[in-house]
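Hi,

Here is the structure I promised to pass on. Have a look at it first, then read my notes below.

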Amino acid sequence: MEVAARRRQHPGAAGGAGAQPGASFLQARHSTAKADEAASTAPFHLDLWFYFTLQNWVLDFGRPIAMLVFPLEWFPLNKPSVGDYFHMAYNVITPFLLLKLIERSPRTLPRSMIYISIITFIMGASIHLVGDSVNHRLLFSGYQHHLSVRENPIIKNLKPETLIDSFELLYYYDEYLGHSMWYIPFFLILFMYFSGCFTPIKAESSMPGVALLLVMPSGLYYWYLVTEGQIFILFTFTFFAMLALVLHQKRKHLFLDSNGLFLFCSFALTLLLVALWVGWLWDDAVLRKKYPGVIYVPEPWAFYTLHVSGRR
């Protein structure tokens, strides 16, 4: 009778003892999963890094070159150019490769942040597609990239003068809004992926030989991206955030894996190339006039229209 009464008063007492092993099992399973995630190391993603580097060079760097190489008769000025089709392909392929890269991360990354970043990236790259298409087509009419919009000979005498404001708006969409919405989520995604590229095994902190071969073209492309996109501050902030993360993880005896090393070395090479580029053009009076701010990083296409195409 007393035992029955006690059971009625404490219905969970008997079940509590039975539920304890289940709770312990779930805790142990969760801890094991976290330990496996921390200890797992992804192999070097040769396929993704190769495709990533190749499409960056062909579809992004090669885009304005293709616009100048292909005959104008094939792509009239009132129709999309071959470079525009390159840009469209880039806007589809790059987000896909970024998502595949995130899928292979040994660390679980915040999905909502990834989705918002990818959506913003596509929107920014699409805005840039329109603005950049018009700006590069203006080259055939005598537009000079090393001059500001209002100083360009083909624009400064436009009537009514409000048309100049429209071209400045187009330039703003191309060089400022489009670049910001394109590159900020791009580097944010790379940094989030980089945050998962650590291993507790020091012997795994090395790159295979093929990765070393990809570092040079990868770093050179990012040099073009930083200088042409005018994102030196964003890139420098990302690089030093990566460096701070490496130093922080080192205190926990965690080391960069092959993928993290590849990304870090590519960015380090980019920073060196940007420094050499700025040093080379430091005393260029014309480019100094176009980039009058404290941070002086001339665009390669501005250098091209000033010193290369002008001599032809």
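This is a predicted model: local features need pLDDT of at least 70, side-chain atom pairs count only at pLDDT 80 or more; totals for chains, interfaces and linings use all residues.

**The chain as a whole**

If you want to get your bearings, the chain has 11 helices and 2 strands. Starting at the N terminus, the order of elements is α-α-α-α-α-α-β-α-α-β-α-α-α. There are 312 residues in the chain, and 43% of them count as buried. As for contacts with a separation of 6 or more, 78% are between residues 24 or more positions apart.

**Empty space inside**

Next I went looking for holes. Rolling a probe the size of a water molecule over the atoms shows where empty space is left. Searching the whole structure this way turns up 3 cavities of 30 Å³ or more.

The largest cavity has a volume of about 150 Å³. Its lining is made of 19 residues, and those nearest its centre are Arg63, His128, Asp132, Tyr224 and Glu228. By type, the lining of the largest cavity splits into 6 nonpolar, 6 polar and 7 charged residues. Helices α3, α5, α6 and α7 each put at least two residues into this lining, with the largest share, 5 residues, coming from α6.

Around it you'll find Asn135, Tyr143, His145, Leu147, Tyr171, Asp174, Glu175, Lys290 and Glu299. That lining divides into 3 nonpolar, 2 polar and 4 charged residues. Here again α6 gives the largest share, in this case 3 residues.

Most residues other than glycine have a negative phi, and most peptide bonds are trans.

Now take the peptide bond from lysine 159 to proline 160: it is cis, with omega near -5°. Proline 160 sits in the loop between α5 and α6.

Then there is glutamine 230, where phi is positive, near 55°, although the residue is not a glycine. Look for glutamine 230 in the loop between α7 and α8 (232-251). With a relative accessible area of 34%, glutamine 230 is partly exposed.

Histidine 253 is another non-glycine residue with a positive phi, about 65°. Its place is the loop between α8 and β2 (255-256). Is histidine 253 buried or exposed? At a relative accessible area of 57%, histidine 253 counts as exposed, since the cut-off for that is over 50%.

That's the lot from my side.

Cheers

How values were computed: Residues are numbered from 1 along each chain as its sequence is written. Side-chain values use heavy atoms; hydrogens and water are left out. On a 1 Å grid over the protein atoms alone, a cavity is a set of points where a 1.4 Å probe fits but cannot get out, and a pocket is an open set with protein on both sides within 12 Å along at least five of seven lines; lining residues have an atom within 4 Å of a point. Grid points are joined across faces, edges and corners, and a volume is the space filled by probe spheres set on the points. Helices (H or I, at least four residues) and strands (E, at least two) are DSSP runs, numbered from the N terminus. Ala, Val, Leu, Ile, Met, Phe, Trp, Tyr, Cys and Pro count as nonpolar, Asp, Glu, Lys and Arg as charged, and the others, Gly among them, as polar. Buried means under 20% relative accessible area, exposed over 50%, partly exposed in between (1.4 Å probe, protein chains only). Contact means heavy atoms within 4.5 Å.
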